[in-house]
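Notebook open, viewer loaded. Today I'm just looking things up and jotting down what I find.

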Amino acid sequence: MPPFHQHPANPGIAQHVGNTLRRQPRLQRHVRAARLEYAQHSNHQLQRTLPELHKADRALEALRAKRPLVQNITNYVAMTVSANVLLAIGASPAMVHAFEEVEDFVAISDALAVNIGTLSPDWVDAMRAAVKRANALGK
């Protein structure tokens with residue numbers, strides 16, 4: 001294939017571009033600015049939402065400053081997603097679900113997250129023990 005500058009000129013392309021440019025003013029007539037149905041209320045939702053956004057931002061900053069250790073008892077499918085979400089918001093995830101470890105780990109963690117999406121008998125016992133211990137510790 002020859003280099004681009006050696007290709008023969010194609011007058012059809014120039015004609016096509018010219019036709020498109022001639023149609024442009026016609027198209028611009030049909031395009032107009034979007035209008036709000038109730039223009040007087042255009043900022044109503046935004047004004048109501050801003051304080052909530054500031055509140056959420058302050059809560060996220062406080063969480064990131066604390067870097068809480070969050071124990072998770074979840075199924076294998078959700079484990080990676082749960083860990084990544086916790087890391088993204090500034091927490092430290094721990095996927096501790098063994099029955100022998102859960103009660104001791106709840107005692108040193110800041111929070112407990114239990115996902116009951118897919119239950120297995122061994123994990124149900126660990127979930128119950130962890131929740132019971134977390135409640136006893138006021139977490």
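I began with contacts in the protein chain, in what is a predicted model. Counting contacts between residues at least 6 apart in sequence, I got 65% that join residues at least 24 apart.

The protein chain has an accessible surface of about 11100 Å², and carbon and sulfur atoms own 59% of that. How much of the protein chain is buried? I noted 19% of its 139 residues, where buried means under 20% relative accessible area.

Then I went through the secondary structure. I found five helices and three strands in the protein chain. Walking along the sequence, I wrote the pattern down as α-α-β-α-β-α-β-α.

On to the sheet. In what order do the three strands sit? My note says β2-β1-β3, in an open sheet with parallel pairing.

I zoomed in on one pair. Strand β1, residues 69-73, pairs with β2 in the parallel sense over three bridges. Across from Q71 I found A94, which sits in β2.

Last entry: what packs on the sheet? I have helix α4, residues 99-108, touching β1, β2 and β3. The direction of α4 makes about 155° with that of β1.

Note on methods: Residues are numbered from 1 along each chain as its sequence is written. This is a predicted model: local features need pLDDT of at least 70, side-chain atom pairs count only at pLDDT 80 or more; totals for chains, interfaces and linings use all residues. Side-chain values use heavy atoms; hydrogens and water are left out. Helices (H or I, at least four residues) and strands (E, at least two) are DSSP runs, numbered from the N terminus. Buried means under 20% relative accessible area, exposed over 50%, partly exposed in between (1.4 Å probe, protein chains only). Contact means heavy atoms within 4.5 Å. Accessible areas come from the Shrake-Rupley method with a 1.4 Å probe; for residues, only the protein chains shown count as cover. Two strands pair if DSSP finds at least two bridges between them. Axes are lines fitted to C-alpha atoms, for helices over the stretch in contact, and angles run from 0 to 180 degrees between N-to-C directions.
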